[in-house]
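Welcome! Let us take a friendly walk through this protein, from its overall pattern down to a few single residues.

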Amino acid sequence: MAGEHRVKSVMKGSLSPIVLLFLCAACAACGSRQEHEVRAESMKDASTSWIGLTVGQVLAQCRTPDSELSMRDEPPGKLRGVEFGCHQGDSAKRVVLEFEYHTGLFSAERTWALEIVKAQRVIRVLEE
């Protein structure tokens, strides 16, 4: 009997570190989730602060190469925005930057000089 009690007592004592290990793992996982939420929130804050910047400045912040830039012209020929993957944070997120249309942004061929596009000031940011 006394030996049985002693075994149970030792087993109870050895479960504590295991429970502690699981708790630590759970806390670490929660921290990772919180970090992800903080990063997502900072990305959201960053995208709202892009209003007033040039397209080129936003592309630099996102570390997006010019080759990933997609023009958005609606109706065809009237460039009103650009779409790209923003590489800020852990993964790329699709972003659309809109800017004021003016006659200098019209192209019947639907081609635009990159310098002109990158000089446009952002008036609206959409995240897809």
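In this protein, contacts (heavy atoms within 4.5 Å) between residues at least 6 apart in sequence join residues at least 24 apart in 56% of cases. Before going further, please note that this is a predicted model, where local features need pLDDT of at least 70 and side-chain atom pairs count only at pLDDT 80 or more, while totals for chains, interfaces and linings use all residues. Residues are numbered from 1 along each chain as its sequence is written, and side-chain values use heavy atoms, with hydrogens and water left out.

Now for the layout. The protein has three helices and four strands, where helices (H or I, at least four residues) and strands (E, at least two) are DSSP runs numbered from the N terminus. The accessible surface, computed by the Shrake-Rupley method with a 1.4 Å probe, for residues with only the protein chains shown counting as cover, is about 8,700 Å². Carbon and sulfur atoms hold 60% of that surface. Of the 128 residues, 25% are buried; buried means under 20% relative accessible area, exposed over 50%, and partly exposed in between (1.4 Å probe, protein chains only).

Let us look inside. A nonpolar core is a set of buried Ala, Val, Leu, Ile, Met, Phe, Trp, Tyr and Cys residues joined through side-chain atoms within 4.5 Å. The largest one here has 18 residues, and those touching the most other members are Trp-50, Val-55, Val-58, Val-82, Phe-84, Val-95 and Leu-97. Two or more core residues come from each of H2, E2, strand E3 (93–99) and E4. Take Val-58: beyond its neighbours within four places in sequence, Val-58 contacts Trp-50, Leu-53, Phe-84, Leu-97 and Val-122.

Next comes a covalent link. The structure contains one disulfide, a pair of cysteine sulfur atoms within 2.5 Å. Its partners are Cys-62 and Cys-86, with sulfur atoms 2.1 Å apart. Because Cys-62 sits in helix H2 (residues 55–62) and Cys-86 in strand E2 (residues 79–86), the pair ties together parts that are 24 residues apart in sequence. The torsion about the S-S bond is about -85°, so this disulfide is left-handed. Cys-62 is buried at 0% relative accessible area, and Cys-86 is buried at 0% as well.

Our last stop is Ile-123, in strand E4 (residues 122–127). With 41% relative accessibility, Ile-123 is partly exposed. Setting aside residues up to four places away in sequence, Ile-123 touches Ile-51, Glu-98, Phe-99 and Glu-100.
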